[in-house]
Amino acid sequence: MTSPTGDQGDVVTPGVVPVPDPRHHVADPRGRLRAAGLRVTAPRQAVLGVLGEHPHSTAEAVAAAVRGRLGSVSTQAVYDVLAACVDAGLVRRIEPAGSAARYETRTGDNHHHVVCRSCGATADVDCVVGEAPCLHPSADGGFDIDEAEVVFWGTCPACRAVRTGSPPDRRDSIVPATVMHESVHEER
Ligand SMILES: [Zn+2]
Ligand SMILES: [Zn+2]
């Protein structure tokens, strides 16, 4: 059974209540796959659907959710689908330090991420200026910089609520409590 909201209870990121986000939702997986030159298969469609509802999921979590939809699909098959979709530009792979790689369907807009130090919850932060690279290093060492990938580290509303004993304030959901670390990847 599929509920009208598409939420089947297969929450794949602990501590995060999935909020439908049109920037991640894939309305037409078949069309997206075809446009990218990929053969349309059930696992590929399912992976795009799962990521649309659960952005920033790990491959393990995607595999579990895909199995919930399709039955037996191997984790290796899901890794293969993710790799093909990343290569085709349909899926973006991010690797916050200390975390397994996470995947999302929101690609090509140079957005950044805020990651909870306690539970790993990951949320989007829009590009600071709207186009890559949105940050310029004070010295570029002769590199031609085309991208700045920033990870804001902090504590998510749910973990803050646990600490303070007060209910989470949803308005804080994409605002980092503390900005502890920035990393800028330079293109070689
Ligand atoms: Zn947290
Ligand atoms: Zn994202």
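Where is the place of Asn 110? Asn 110 lies in the loop between β3, residues 102-104, and β4, residues 112-116. I'll come back to that residue. One caution before I go on: this is a predicted model.

Let me start with the overall layout. The protein chain has five helices and six strands. Reading from the N terminus, the order is α-α-β-α-α-β-β-β-β-β-α. The chain has 188 residues, and 26% of them are buried. Now the contacts. Take those between residues at least 6 apart in sequence: 54% of them join residues at least 24 apart.

Next, the helix pair. Two packed helices are described by the angle between their axes and the distance between the axes. Here the pair is α3, residues 59-70, and α4, residues 75-87. Their packing angle is about 115°, and their axes are 9 Å apart. The roughly perpendicular class runs from 65 to 115 degrees, so α3 and α4 count as roughly perpendicular to each other. The crossing of α3 past α4 is right-handed. Which residues make the contact? From α3, they are Ala 59, Glu 60, Val 62, Ala 63 and Val 66. From α4, they are Thr 75, Val 78, Tyr 79 and Leu 82. Sorted by class, that contact has seven nonpolar residues, one polar and one charged.

On to the sheet. Strands of a sheet pair through backbone hydrogen bonds, either parallel or antiparallel. In this model, three strands make an open sheet, ordered β1-β3-β2, with antiparallel pairing. β1 and β2, the latter at 92-94, are the edge strands. Each has a single partner strand, so one side of each has no neighbour in the sheet. Between β1 and β3 there are two bridges, in the antiparallel sense. Thr 58 sits opposite Arg 102 of β3.

There is also a hairpin, made of β4 and β5. β5 covers residues 122-125, and four bridges join it to β4. The two run antiparallel. One residue pair to look at: Val 115 has Thr 122 in β5 as its bridge partner. Five residues lie between the strands of the hairpin. Among them, Gly 120 takes a positive phi, near 85°.

That brings me to backbone angles. Most residues other than glycine have a negative phi, and most peptide bonds are trans. What is the phi of His 56? It is near 65°, a positive value in a residue other than glycine. His 56 is in the loop between α2, residues 42-53, and β1, residues 57-58. His 56 counts as buried, because it has 25 C-beta neighbours inside 10 Å.

Now back to Asn 110. Asn 110 is not a glycine either, yet its phi is positive, about 60°. Buried or partly exposed? Asn 110 has 18 C-beta neighbours inside 10 Å, so it counts as partly exposed.

Last stop: Pro 55. Pro 55 is in the loop between α2 and β1. With 25 C-beta neighbours inside 10 Å, Pro 55 counts as buried. What does Pro 55 contact, leaving aside neighbours within four places in sequence? The partners are Asp 21, His 24, Glu 104 and Arg 106. One distance to finish. Pro 55 and Ala 123 are 68 residues apart along the chain, and 8.4 Å separates their C-alpha atoms.

How values were computed:
Residues numbered from 1 in each chain as written. Chains lettered and ligands numbered in written order. Predicted model: local features only at pLDDT ≥ 70, side-chain atom pairs only at ≥ 80, totals over all residues. Axes fitted to C-alpha atoms, helices over the stretch in contact; angles between N-to-C directions. Parallel < 35°, antiparallel > 145°, perpendicular 65-115°, else oblique. Left-handed = near helix turned anticlockwise from the far one by under 90°. Contact = placed C-beta atoms within 7 Å. Nonpolar A, V, L, I, M, F, W, Y, C, P; charged D, E, K, R; others polar. Buried ≥ 20, exposed ≤ 12 C-beta atoms within 10 Å, placed from the backbone. Pairing = 2+ DSSP bridges.
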